[in-house]
Amino acid sequence: MNYNNKIFVSRENTANGEVSSATTFYYKQEGQILTAEYEGGSIDTGRLIGLVHDDGSLEFRYNHINTAGDLRGGACRSTPETLPDGRIRLHEQWQWMDAEQTEGNSVVEEKRTEL
């Protein structure tokens, strides 16, 4: 599975998360290394870096600054699902690695390409 130049948008998130449907992720992949920038909603700017495993699953760390000016960060593991139209849906299990230390679940989907 290749994530290079894919754009993802949030579809679901638990209440303790800061990502919303207004957040967009811009993925890049070189070999097994994954990077992304993200922004929107309550996120001013964010970055993630991680690994793409042979089965397409992801393991990464994320950091962002929210609109309140707080620096937040955590770790995430994502399991891919290929949708009937060929887009990728990621089922994510994450944990804040700052003072909060809570866990959550989210779903992001590859953005539909405009014709």
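## Basis of the model

In this predicted model, local features need pLDDT of at least 70, side-chain atom pairs count only at pLDDT 80 or more, and totals for chains, interfaces and linings use all residues. Residues are numbered from 1 along each chain as its sequence is written, and side-chain values use heavy atoms, with hydrogens and water left out.

## The barrel

The fold contains a closed barrel of 8 strands in the order β1-β2-β3-β4-β5-β6-β7-β8, paired antiparallel. From one strand to the next the twist averages 30°. Strands (E, at least two residues) are DSSP runs numbered from the N terminus, and two of them pair if DSSP finds at least two bridges between them. Axes are lines fitted to C-alpha atoms, and angles run from 0 to 180 degrees between N-to-C directions.

Strand β3 (residues 33-40) pairs with strand β4 (residues 43-52) over 7 bridges in the antiparallel sense. Across this pair, Leu34 faces Gly50 of β4, and Glu37 is opposite Arg47 of β4. The two strands make a hairpin with 2 residues between them, and Gly41 in the turn has a positive phi of about 65°.

Strands β4 and β5 also run antiparallel, joined by 9 bridges. Here Ile49 stands opposite Arg61 in β5. This hairpin has 5 residues between its strands, with a positive phi of about 90° at Gly56 in the turn.

Thr35 belongs to strand β3. Thr35 is partly exposed, at a relative accessible area of 32%; buried means under 20%, exposed over 50%, and partly exposed in between (1.4 Å probe, protein chains only). Leaving aside residues up to four places away in sequence, Thr35 touches Tyr26, Tyr27, Lys28, Leu48 and Ile49, where contact means heavy atoms within 4.5 Å. The C-alpha atoms of Thr35 and Val107 are 18 Å apart, with 72 residues separating the two along the chain.

Ser57 sits in the loop between β4 and β5 and is buried, with a relative accessible area of 15%. The side chains of Ser57 and Asp55 are joined by a polar contact of 2.6 Å. Such a contact is a pair of N or O atoms within 3.5 Å; within protein, one must be able to donate a hydrogen and the other to accept it, and residues adjacent in sequence count only if both atoms are side-chain atoms. Ser57 also touches Leu51, Val52, Ser78 and Pro80, not counting residues up to four places away in sequence.

Asn66 lies in strand β5 (residues 58-66) and is buried at 5% relative accessible area. A polar atom of the Asn66 side chain lies 2.8 Å from the backbone nitrogen of Asp70. Beyond residues up to four places away in sequence, Asn66 touches Glu18, Ser42, Ile43, Asp44 and Arg72.

## The cavity

The model has 1 cavity of 30 Å³ or more. On a 1 Å grid over the protein atoms alone, a cavity is a set of points where a 1.4 Å probe fits but cannot get out, and lining residues have an atom within 4 Å of a point. Grid points are joined across faces, edges and corners, and a volume is the space filled by probe spheres set on the points.

The largest cavity holds about 210 Å³. Its lining has 17 residues, of which Val19, Phe25, Tyr62, Glu92 and Trp94 lie nearest its centre. The elements giving two or more residues to this lining are β2 (24-30), β5, β7 (88-96) and β8 (103-110).

Note on methods:
Helices (H or I, at least four residues) and strands (E, at least two) are DSSP runs, numbered from the N terminus. On a 1 Å grid over the protein atoms alone, a cavity is a set of points where a 1.4 Å probe fits but cannot get out, and a pocket is an open set with protein on both sides within 12 Å along at least five of seven lines; lining residues have an atom within 4 Å of a point.
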